[in-house]
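Visitor: I would like to learn how to read helix packing and strand pairing in a model. Could you walk me through it with an example?

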Amino acid sequence: MIQIKNDESIRIPESWRSKAIPMIVVGIIAVGISFFLFRLVSDKDVMKLVSHSYLANLMFCMTIAIGAMFFVLVQYVVRSGWSATVRRLAEIISSVIPWLAMLFIPILVMLVLGRKDLYEWNASREELHGLAAEKTGYLNWWFFSLRSVIYLSIWSVIVTWVHRMSRRQDETGEVEITLKIQKYSGPMIVLFALSVSFAAFDWVMSLQADWYSTIFGVYMFAGGMVAFFATMMLLFDLLQRCGKLRDAVNVEHFHDMSKIMFGFNMFWAYCGFSQFMLYWYADIPEETSWFRTRIENGWDTLSYVLIAVHFIIPFLGLMSRHVRRNRVGVVFWCAWLLVAHWMDMVFMVMPNTHVPASGLLFIAHLIGTIGMVSIFAAFLILRASDVPLVAHRDPRLREALTYSNPIL
Amino acid sequence: MASIATSFEIDNTIEIPGRRAPLVTGNQTLGSVTEMVSSVAERPQPKIWYIAFAISFSMMVMFFSLIAYLIYMGVGIWGNMSPVFWAWPIVNFVFWVGIAHAGTLISAVLFLFRQNWRTSINRAAEAMTIFAVVCAGIFPGIHVGRAWLAFWLTPYPSLNLWMWPQFRSPLLWDVFAVSTYASVSLMFWYMGMIPDLATYRDRSKTKLRRLIYGILCLGWTGSTRHWMRYEKAYTILAALATPLVLSVHTVVSFDFAVSQLPGWHTTIFPPYFVAGAIFSGFAMVITLLVPVRKIYGLEHLITMRHLENMNKIILVTGSLVGLAYATEFFMAWYSFNGFESYTFINRAFGPYWWAYWIMVSCNVICPQLFWFKKLRTSPVLMVIISIFVNIGMWFERFVITVTSLSRDFLPSSWGYFRPTIFDMLMLAGSFGLFMTLFLLFCRFLPTIAMAEVKGVMSAHAHAEAHLAGDHGQHHH
Amino acid sequence: MSEHHEKKDRSRPPQSQGWIAEYVDEHGLLEAARKVREAGYTKTDAFTPYPVHGIDHALGIRPTVLPFIVLVGGFTGLGTALLMQYWMNAVDYPYLISGKPLGSWPAFIPVTFELTVLFSAITTFLGSILLNRLPKYSNPVFTSPRFDRATDDRFFLYVDSSDRYFNKNSVQNLLSSTNPESLEEVMEDASSTVIPRAVWLSVLLLLVIASIPMAIILKMRNSNSPSPRWHVFFDMDFQPKKKPQQISTLFADGRAMRSPVLGTVARGQWEGNDAFYLGYDPAKLAAHAGRDRSRFVGASLAAAMQDPVGAPALGQPPTPDEEKSPESAIPAGSNVPAKSETSDEMDESSNAAEKPSDEPSPGDEATDGKVMVEETQTANDAASPSSGEPANPSQDGAALASAVPTLPFVTNIPMEIDAQVMELGKKKFEIYCSVCHGVGGDGDGLVARRAEEIAQSYWLPPTSLHADAVRSQPVGQVFYTISNGKGKMAGYGAVLTPKERWAVVLYVKALQRSRNASESDVPLEMQSKLSQSK
């Protein structure tokens, strides 16, 4: 019988801890460099570009954390056994949400200062025209900020509570804690579903204030889930390369996580197709405008490439069971899908600047992403320090260590 | 440990984390499972079966007579009138297709998620899927007006038409989606039944029975090589059926959503229709299986745990449907599209307010009762709630179809839909067809996937053995 | 397992096929399987009521190739669906709908998906059955009655006698050492494999009977029949509606075909040129001297007032006050007595176009033709002063002839003509005109021939379009006749658009010319062909 001991093998490598602060510094510098590069892209639109880029990168990290939160809650609510050894890392990823909330402050400050670089609706009713003017009752700086705070607080409370309870079980080993989280995760999922959908409407959909799509939140969520599984598997691989978690996470877990990632990727394509199909078919100008923005100014290449990169190629690549059970294959496709998710976030946000797509723009944005991701990674390291990476006294640990994938 | 074990025997809905509750109760052996399931078809049917069959068979006869009358008279006997041309028949179609979805979800999606509790209920649910698709397929078929020319929808090289179907129309996608769904479900169902039909063959007392079940089971022996290909094939079919089941109601939703009609044209429709379909389908499974397990004494196979799990799915999908209603309503307001917001206000407070509030109370409020364990483990209550859910889901399709259509863009063509007696009798008749098929299924075919239940029992025994620590004896 | 033993000799006793051991649980089976494999046997198999995991490893069974076959099936479905939809909607039968491109890839995705799944599923289903060599109803293991429990609660291990190392005694010893519940020798299935004649004959008979309806349908769909179709379904063939040329009691004139309301033009059909609609130039008509003009205008108004339902078509020229029926709604000036009985007046008419014009209207069989003719006569009598006053024929008739020789018909077709217009004219002529006038315009259409055949008493043969009187008519007059009818011929103004009517005029003129053409009229490149055929 394999046992998980609460020792160094389930902690992050010692060398990582000292890297957190330098990574935050690197991150801030990278964001600065991207600011400078965006100046070269377009001096006139620099604030627009920087703020959109910042939002796209923040959403890139935020969707991953939100995906982690959903994963944890679902594992509890369905009494899942297989995931007992991998759940803790997802808890840690999700527990970064309160810290990521801090990164929202620049956006809120911009709104309070009345800047329209990011959200075009941040103006008085008289200055706006069309439908955007009608929406000032809902889309205005204070209500938007209030809602953002509410979403972020809901998530922060959920992740902190779940993480704390789970940590308590590490010490006491009480079975009742599992039952307790199980009991409350149902209602928490309801809260989650509502807030995630509306957050997506507010933060990303309202970039184009007159456009709307009811499936938008689901689409963002599906993409986030794909990115979350990719991140989690890459982290496990990295930790195992550093000699950690070798007993706790085995090929069966990778196989299962790849399957779910594969499934969510299909779901992402399904949501994207549903949204596109209905608007393409009905062909109503106010609805197709969003897609029009994405095929103008040179953004069309990105839009078409995204279909292949995010769906068709990984679909064919991950179809085989042998790939999903092969570490190299899994790591390759996880990295690939993270890139795809990055492209998806660019596709969601950047065309709204109406600045023509260019190589320099992508490089500037990529440097911004590197900055944001290193800050995100630093947060992760800080959150993971002194926390066992496996809930080593979870009552379902035995099942997670002994199960095997039957066929698929 | 002993006390926990006994508590499982009493109530397997309680699960201690780290130890799985048994899915089959009452200390069953492989032989007793065979005996229990086979006796459903081998023993003389209970009186209630004959009563139910007589009722549903006469309703089915009425249904087919009405179809004949409809073909003779034309669709004018229905209440379909300008501007509501898609009325009851299409509502019934969407309703029945939705019912069908639970079967595939149980047999394919839960299979992929390794939800072993599916094994006791998947066979009946799959059968229900096929019968519901049969009912569903009839309605658009007779709604086309000249039902005898419905085959024009298939792309066949015609000798006298010299034309092809219109693949840019969502209604044609429907033809493909529903017929693919029917075919794949049938194959999946039959495939799953082969080992159990072999069991029936081997237990046959009469030559005729042996011959018929023998032909149906294709000469199955239970050879390991066969099992291996069979399991692989079953898994592949499950993997194919999972996106298929999503696609079917998605395509049904496209029928509505690709149009420009307010209340139909909204991007959440595809996943929202799928959630609603699963919701109504599970409600129908509950409605059917609670009496079936009682009448045939299958309580040890279809345990309270199975029913509770299904009720949880009803709760989840019901809440998803509620979330979709809320999102739609919010978006109708947020879009500041006058037509959209009018449509939604008209739904809730217009002439069809009663249908809307039946829908909301049955679909959103009713399943919320399942938050309470007491309510979701009471057989009588769950049947009542599931019937309400089915009523609510029928009304959901009614609300979507009729309220949007009755308010045209041109106020002068606004109207109010009134069903005729034929509308109502045909809906009732379709239930007769559905129930007749289901009763015949119970009478002649294996109602529970015996082979799968046995496999799950074996897996559970393994897990228990692991727990006891005596795993040296067997291998994995 | 026993493919080698398919040839059966009924004369010899059943041969041994191998040994089969029975176990009560899967552990016993697994242990035994491992032992048997370790002993080197490969032609082995296990029979279990449910899939026992690990037995395939224990027996050394290789994984199946089924997934690859399914992949091929899926891609076949994908390709088939895409090609089929594109070919059918964009190549073979292209038509535009709702502004979508012919090859609408987003719209093709749902069907593509469904067919991919369908093909994959069918491949999976058939593939797994065929790879398992099923259906197979005769199997040596079935000979043992104990084997019935293989689908119930017992586990069996089988070693085939065709195995390389098979030795009856050693296999028996090996298997008994695994503590089986029972151990048996499997004998070949001695029962006959020949299907009884009665069975296959009845199956054949059933197939033949089942194919009869299909054969009848195929035959009926591919053959012609003089009798009307057999209505299983009515196909909306019998509807409470009026078709062209039918009578109706609803209107005073008894016609089901209605003309447009006087003075109206259908939306989108106004060409800005009166002559285009009328066949004559109303401006020229207006320029006529006072008495005639007022007579024309007054008559037109009176006709409209007296017969509001059956109001004459747009551009209906003035008619005499007394006229009621559309047949006689023909201008007095152009239409001197249109009846054979009053042929004396024919000469008087200076109008070359005139001739007995009792055109039969094909659909109006039920209407009493005689009455119509008489009405026409009275109308004409009243309308034309000359008919009433034979004493003074030359003066009055000549005055009329000189003042209003005819309507100012146009002599050139007021629209651009090309080969397409000619095609259109031919098409419309053959649909609407040829039934009476004949395909060649000789007045020998099918209706006319039929009427002659049954010697319909009131039937008046249609005019030959090659008669001199018709040939000399200006195009405007032919147009006018088509639009408003003449004699018993109904007007086709409501059926054909002006453009189509002009096209028919063009075609009629072409027909007429074809009878009087010289060799030089034939295009140069065709002339050589002509001479060759001579």
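This is a predicted model: local features need pLDDT of at least 70, side-chain atom pairs count only at pLDDT 80 or more; totals for chains, interfaces and linings use all residues.

Visitor: At what angle do helix H9 and helix H10 of chain B pack, and how far apart are their axes?

Guide: Helix H9 of chain B covers residues 269-295 and helix H10 of chain B covers residues 304-334; they pack at an angle of about 150°, with their axes 8 Å apart. An angle over 145 degrees counts as roughly antiparallel, and H9(B) and H10(B) are therefore roughly antiparallel to each other.

Visitor: Which classes of residue make up the contact of H9(B) with H10(B)?

Guide: Sorted by class, that contact has 20 nonpolar residues, four polar ones and two charged ones.

Visitor: Let us turn to chain C. What does its secondary structure come to?

Guide: Chain C has 19 helices and four strands. Of its 534 residues, 42% are buried. Among the contacts in chain C with a separation of 6 or more, 70% are between residues 24 or more positions apart.

Visitor: How should I read the two faces of a strand, and which residues of S3(C) lie on each side?

Guide: The general idea is that in a regular strand the side chains alternate between the two faces of the sheet. In S3(C), one side carries Phe155(C), Leu157(C) and Val159(C), the other carries Phe156(C), Tyr158(C) and Asp160(C), and all are buried.

Visitor: Why is strand S3 of chain C described as largely enclosed by the rest of the structure?

Guide: Strand S3 spans residues 155-160 of chain C, and six of its six residues are buried, so it is largely enclosed by the rest of the structure.

Visitor: Which strands pair with S3(C), and in what sense?

Guide: Strand S1 of chain C, residues 16-23, pairs with S3(C) in the antiparallel sense over six bridges. Along this pairing, Tyr23(C) stands opposite Phe155(C), while Ala21(C) stands opposite Leu157(C). Strand S2 of chain C, residues 44-47, also runs antiparallel to S3(C), joined to it by four bridges. There, Thr44(C) has Val159(C) as its bridge partner.

Visitor: And with which other strand does S1(C) pair over six bridges?

Guide: That is strand S4 of chain C, residues 182-187, again in the antiparallel sense. Glu22(C) has Ser182(C) in S4(C) as its bridge partner. S1(C) is itself mostly covered, with seven of its eight residues buried.

Notes: Residues are numbered from 1 along each chain as its sequence is written. Chains are lettered from A and ligands numbered from 1 in the order in which they are written. Side-chain values use heavy atoms; hydrogens and water are left out. Axes are lines fitted to C-alpha atoms, for helices over the stretch in contact, and angles run from 0 to 180 degrees between N-to-C directions. Angles under 35 degrees count as roughly parallel, over 145 as roughly antiparallel, 65 to 115 as roughly perpendicular and the rest as oblique. Ala, Val, Leu, Ile, Met, Phe, Trp, Tyr, Cys and Pro count as nonpolar, Asp, Glu, Lys and Arg as charged, and the others, Gly among them, as polar. Buried means under 20% relative accessible area, exposed over 50%, partly exposed in between (1.4 Å probe, protein chains only). Two strands pair if DSSP finds at least two bridges between them. Contact means heavy atoms within 4.5 Å.
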